[in-house]
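Visitor: Please take me through one part of this structure closely. I would like to look at the metal site and then at what surrounds it.

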Amino acid sequence: MIITLKKDAPKQEVDKLIHSFEEKGLSVTMINGDNYNVFGLVGDTSKLDEKLIRANHFVQNVTRIAAPYKKANRLFHPEDSIIDVQGIKIGGHEKIVVIGGPCSVEGEEQVMEIAKEVKQAGGDMLRGGAYKPRTSPYAFQGLGSKGIAYLEHAKERYHLPIVSELMSSDKLEEFVEHVDVIQIGARNMQNFDLLKAVGKTNKPILLKRGLSNTIEEWIMAAEYIMSEGNENVIFCERGIRTFEPYTRNTLDLSVIPIIKEKTHLPIIIDPSHATGDWRLVESASLAAIAAGADGLIIEVHNDPENAWSDGAQSLKPQRFQEVIEKGRKIAHVIGREM
Ligand code: PEP
Ligand code: MN
């Protein structure tokens, strides 16, 4: 961190400030210029709040050199982290993992039927929402525990690990017991208590990017989970809010190389919520694979016209299979499997 002080800062004030940093275990190097005094702080500055330092009247400017995240930072962990979900490995350079399934679990028969199709198409895991974060309180809110039980039955029959969204920590025990990957949805990306709660488990966490969050805020959300001890975090880009109304959200593919450069964690893409339109899901999926995504999570429904949520962006099983087939060809070109 580099701190610039006003030239007229009294020596006594400068010494006081330097002392306060040294007390925190940081080493301070002073550079005296003509118009400013500049000093550099070396050591772990992640706990320093630059806004608080700027509150000092004699401080002109504060520049952070190191990122505020440590556990997720590639600098301190150069190798890719590979997250193991019941033997399926997410991250690294080999397999691209495909997760398919309905937005919401609507009943046992529905989830069984879709699970069968996901498996036949070559999917690796089954998704399904049992607790749904709906914009309207009058919309279907999910089947709750019954939905989780149906997913579990489908998992047993088709050997597909299950991914489902946890909205509140009072259901954490249920998820730890029955779900293989706990999804933290876009709307809860900055629900810090929920992040800390899942951080105390050892379950893989699928951390979706918030509707309007920066990459750094997203990585800091992962840091919340990791700082509690759970390092099994998988990022999931699902599109962000922009001014563009032709798509539900705007898919930000630039995050793939950025997340890979800044962190050692895997990143997957959700082309369904990113586009909001089944017609766009294939292009977005293929582009994501080409850009280096470690996986895809795609909404699949056997009767999208009558789906209880997100039918417009859900693929029929046949199309889901086509996406996997085309995706495999792109994966092959970049030296990966799918
Ligand atoms: C979902 O996966 O169905 C969902 C609600 O996702 P998001 O949090 O990305 O909107
Ligand atoms: Mn959905």
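Guide: In sequence, the donor residues of the manganese ion (ligand 2) follow the spacing C-x169-H-x25-E-x10-D. The protein donors are Cys103 (SG), His273 (NE2), Glu299 (OE) and Asp310 (OD). Donors here are N, O and S atoms within 2.8 Å of the metal (3.2 Å for Na, K and Ca); water is not among the atoms, so sites may look incomplete.

Cys103 and Glu299 link distant parts of the chain, 196 residues apart. Cys103 sits in the loop between strand S7 (97-101) and helix H3 (108-121). Glu299 belongs to strand S14 (residues 295-299). Helices (H or I, at least four residues) and strands (E, at least two) are DSSP runs, numbered from the N terminus.

Cys103 is buried, at 3% relative accessibility. Glu299 is buried too, with a relative accessible area of 1%. Buried means under 20% relative accessible area, exposed over 50%, and partly exposed in between (1.4 Å probe, protein chains only).

A word on the model itself. It is predicted: local features need pLDDT of at least 70, side-chain atom pairs count only at pLDDT 80 or more, and totals for chains, interfaces and linings use all residues. Residues are numbered from 1 along each chain as its sequence is written, chains are lettered from A and ligands numbered from 1 in the order in which they are written, and side-chain values use heavy atoms, with hydrogens and water left out.

Now follow strand S14 to Gly295, which is found in that strand. Gly295 is buried, with a relative accessible area of 0%. Gly295 and Lys95 are 200 residues apart in sequence, but 8.2 Å apart in space, C-alpha to C-alpha. Leaving aside neighbours within four places in sequence, Gly295 is in contact (heavy atoms within 4.5 Å) with Ile96, Val97, Ile267, Ile268 and Ile269.

Back to the cysteines. The whole structure has 0 disulfides, a disulfide being a pair of cysteine sulfur atoms within 2.5 Å. Take Cys236: the closest cysteine sulfur, in Cys103, is 13 Å from its own sulfur, too far for a bond. Cys236 is buried, at 0% relative accessibility.

Next comes the nonpolar core. Such a core is a set of buried Ala, Val, Leu, Ile, Met, Phe, Trp, Tyr and Cys residues joined through side-chain atoms within 4.5 Å. The largest one has 62 residues, of which Leu207, Phe235 and Phe320 touch the most other members. Helix H7 (residues 215-227) gives the largest share of this core, 7 residues. Apart from it lies another core of 16 residues, among them Met1, Ile18, Phe21 and Ile53. Beyond four places in sequence, Phe320 touches residues including Val98, Gly100, Ile298 and Val300.

Finally, step back to the chain. Its secondary structure comes to 11 helices and 14 strands. Buried residues make up 52% of its 338 residues. Among contacts between residues at least 6 apart in sequence, 68% join residues at least 24 apart. Along its principal axes, the C-alpha trace spans about 75 × 45 × 40 Å.
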